[in-house]
Amino acid sequence: MQKYSIFNLVKNAFSNHQNWDLAWKDPEPKEEYDVVIIGGGGHGLATAYYLAKEHNITKVAIIEKGWIGGGNVGRNTTIIRSNYMHDENGLFSEFGMDLWRKMSQDLNYNVMFSPRGIINLAHSDAQMNAYARRGNSMRLNGIDAVLLNREQVKEIIPMADFSENVRFPIFGGLMQPSAGTARHDAVAWGYARQADDMGVDIIQNCEVIGFDVSAGKINGIRTSRGNIKAKKVGLCVAGSTNILAEKLNMTLPIETHLLQACVSEPVKPVLDSVVTFGAGHFYISQSDKGEMVMGGDLDGYNSYAQRGNLPTLQHVLTEGIAMMPFLSKLKMLRTWGGIMDMSMDGSPIIDKTHIDGLYLNCGWCYGGFKATPASGWTFAHTIAQDRVHELNAGYSLNRFNTGHLIDEKGLGTKTWIS
Amino acid sequence: MLYIKCPHCGMRPQIEFSYGGDASVKRPDLNKEISDKEWDDFVYNRKSLRGKHLELWQHISGCRQWIKVERDTATHEIFKTFKADEGVV
C-alpha cells in the first residue's frame with residue numbers, strides 16, 4: 001500500500017495524481033471466512049481492522065448493504081468525548097480517547113482529530129452541583145474535567161446569551177478539555193483502507209437476507225450475492241439491528257428512532273469548542289469549513305425513515321437560539337437524519353449471544369461516533385477470544401435481565417422521550 | 001409533520017400529541033407467577049420493526065386521551081387510529 005505522505009504527494013503531483021492506488025478493493029465474496037462482520041460503518045470497519053491488527057485474524061469479510069460509511073458514521077455531528085459519570089461508560093470512552101489521539105498516525109490517514117474541548121452548560125445551582133459530582137466521578141476515572149463558573153464560560157463562548165433576563169441563565173458549565181471533534185468520513189475510510197490492506201474483504205452492495213443457524217451455532221449467512229460460510233459472525237448494524245434480530249428470532253431491548261442534525265451556511269470562526277445546552281437537548285460546534293454543526297432531540301417515535309420531520313428541528317433550533325441568539329441570523333445549509341438503536345437504558349451492548357459464534361454490537365443511542373475505535377477494539381476482542389473484555393463487560397445483553405442497567409441519563413426505559 | 005386523526009377530536013397536527021411507544025406490548029396477567037423472561041419482554045424487549053407498527057399516542061394538547069395509531073415506520077403513512085380500549089384485529 002502506498003503510504004500517504006508529503007513525499008508521495010509531491011511525487012504523484014508529477015503524474016497529475018493519476019497513479020494513486022485505490023484505497024480499497026472491490027472483491028467478490030469468497031465461499032468462507034473465519035469472521036464475517038455485518039455492517040460497513042465505522043464500528044464494523046474498526047472491528048475488522050482490530051481483528052487483523054490485534055488478533056491476526058485476516059480471513060474477514062465486511063458485508064455492507066449499501067456503501068461503506070453511508071450510515072451513521074457519515075451522518076453524525078463528529079463529537080468525541082468521554083464525559084460520563086458511570087464507570088462502565090467512563091473507562092470505555094476514555095480508552096477510546098487514547099485511540100483517537102493516536103488514530104491519524106495509526107491509520108496513516110488524517111482524521112483531523114481536534115481536541116477543542118466540550119462544555120456542558122448549567123442553568124441552575126442544582127445543575128452546577130450535579131456537574132460537580134459528574135466532574136468528580138470523571139476525574140476519579142482519570143478523565144479530565146473542569147468546573148467553570150459563569151465568568152469562565154463567558155471567556156470561552158462570549159457569543160452565548162449572558163444577559164440577565166433570559167429564561168435559562170448560564171450559571172457555569174462542566175468542561176472536558178480533551179474532548180473534541182474529528183472528520184467522520186476519514187475515520188471510516190482510514191479504517192477501511194488499513195483493513196483492506198491487511199487482507200479484509202470489503203463487500204459492498206450486499207444485503208444480508210438470512211442466517212444459517214443449526215444446533216445453536218452459526219454456520220454462515222445468506223446474502224443477496226450468495227451464501228457465505230463463516231465460523232463467527234458479528235453484527236454492527238446500528239439502526240437496523242431490530243431487522244436482523246427478527247431474522248434470528250431475537251427480540252432486543254432496542255427501539256429504532258430517528259435523530260436529525262443540520263449545518264448552517266459557513267461563517268467566519270466564531271466557536272472553538274463544542275457546547276451543549278443544559279436546559280434541553282442541543283449541541284453545537286463549528287466545522288473547519290465554518291458551518292455551525294448542530295443537533296439535538298430524536299424525532300420521538302419509531303422510525304426507519306432516515307429523513308427528519310420539521311417540528312423537532314424547529315424545537316431543537318429554538319433551544320440553540322436561546323443559547324446563542326446570533327444563530328437566528330444564519331441560513332440553514334443542510335439537514336439530514338439517521339436511524340439510531342435506542343437501547344432501554346441509553347447504553348450500548350457489546351456481547352456474545354445465545355447463538356454460538358454470533359456476536360452483537362448495538363444500542364449506541366446518541367453516542368456511536370465517538371465510540372468507534374473503542375467499540376471496534378473491544379468487539380474484535382470479544383469475537384477473537386470468544387469472551388468479553390473487561391472494558392465492555394458492563395455492556396452485556398443480559399443486564400436488562402439481571403438489573404445491572406447503566407442508566408447514565410436516568411431516563412429509565414424510555415430513552416426516546418424528548 | 002405527521003397528521004394524526006384523533007378518534008375523539010379529528011385530524012390534528014403531530015405537535016399536539018406525545019408518543020407512548022409500542023401498543024402491542026401486554027403487561028403480564030396479575031395474580032399469577034410471572035417469570036423473569038415475561039417481565040423482560042414487557043419492560044425492555046421490543047420488536048421495533050420496519051413497516052406497520054401499532055403504537056400509543058396521547059393527545060396531550062387536546063382531549064388528553066390515549067389512542068392507538070397504526071403507522072408505517074418507514075413511510076410514516078398512518079393506516080388507522082383507534083380509541084385506546086378498541087381492540088385491534
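Within strand E5 of chain B, Asp72(B) is the bridge partner of Lys52(B), strands here being DSSP runs of E with at least two residues and helices DSSP runs of H or I with at least four residues, both numbered from the N terminus. The model is a predicted one, in which local features need pLDDT of at least 70 and side-chain atom pairs count only at pLDDT 80 or more, whereas totals for chains, interfaces and linings use all residues. Residues are numbered from 1 along each chain as its sequence is written, chains are lettered from A and ligands numbered from 1 in the order in which they are written, and side-chain values use heavy atoms, with hydrogens and water left out.

Strand E4 (residues 52–58) and strand E5 (residues 66–72) of chain B pair in the antiparallel sense over 7 bridges, where two strands are taken to pair if DSSP finds at least two bridges between them. Both belong to an open, antiparallel sheet of 4 strands in chain B, ordered E3-E4-E5-E6. Strand E3 (18–22) and strand E6 (78–83) of chain B stand at the edges with a single partner strand each, so one side of each is left without a neighbour in the sheet. From one strand to the next, the twist averages 30°, angles being taken from 0 to 180 degrees between the N-to-C directions of axes, which are lines fitted to C-alpha atoms, for helices over the stretch in contact. Chain B as a whole has 1 helix and 6 strands, which run β-β-β-α-β-β-β from the N terminus on, and its C-alpha trace spans about 45 × 25 × 25 Å along the principal axes.

In chain A, 8 strands form an open sheet of mixed pairing, in the order E5-E6-E4-E13-E14-E15-E12-E16. Its edges are strand E5 (146–149) and strand E16 (332–343) of chain A, each with a single partner strand, so that one side of each is left without a neighbour in the sheet. Neighbouring strands of this sheet are turned against each other by 25° on average, direction ignored. Strand E4 (residues 118–122) and strand E6 (residues 172–176) of chain A run antiparallel and are joined by 5 bridges, with Ile118(A) standing opposite Gln176(A) in E6(A). Helix H8 (residues 310–323) of chain A lies across several strands, including E4, strand E12 (254–264) and strand E15 (292–302), and runs at about 140° to E15(A).

Between the two chains, 25 residues of chain A are in contact with 24 residues of chain B, contact meaning heavy atoms within 4.5 Å. The area buried between them is about 2200 Å², of which carbon and sulfur atoms give 54%; buried area is the accessible area (1.4 Å probe) that two parts lose on being put together, summed over both. Tyr301(A), Asn302(A) and Tyr304(A) supply 28% of the area that chain A buries against chain B, more than any other three residues.

The count between chain A and chain B is 1 salt bridge, defined as a side-chain nitrogen of Lys or Arg within 4 Å of a carboxyl oxygen of Asp or Glu. In this salt bridge the side chains of Arg46(B) and Glu255(A) meet at 3.8 Å, N to O. Helix H7 (241–247), E12, E15 and helix H10 (399–402) of chain A each supply at least two residues of the side of chain A that touches chain B, and E12(A) gives the most, with 4 residues.

Over all chains, the count comes to 19 salt bridges. Among them, Asp196(A) and Lys25(A) meet through their side chains at 2.9 Å, N to O. Asp196(A) lies in helix H6 (residues 184–197) and Lys25(A) in the loop between helix H1 (6–13) and strand E1 (32–38) of chain A, so the pair ties together parts that are 171 residues apart in sequence.
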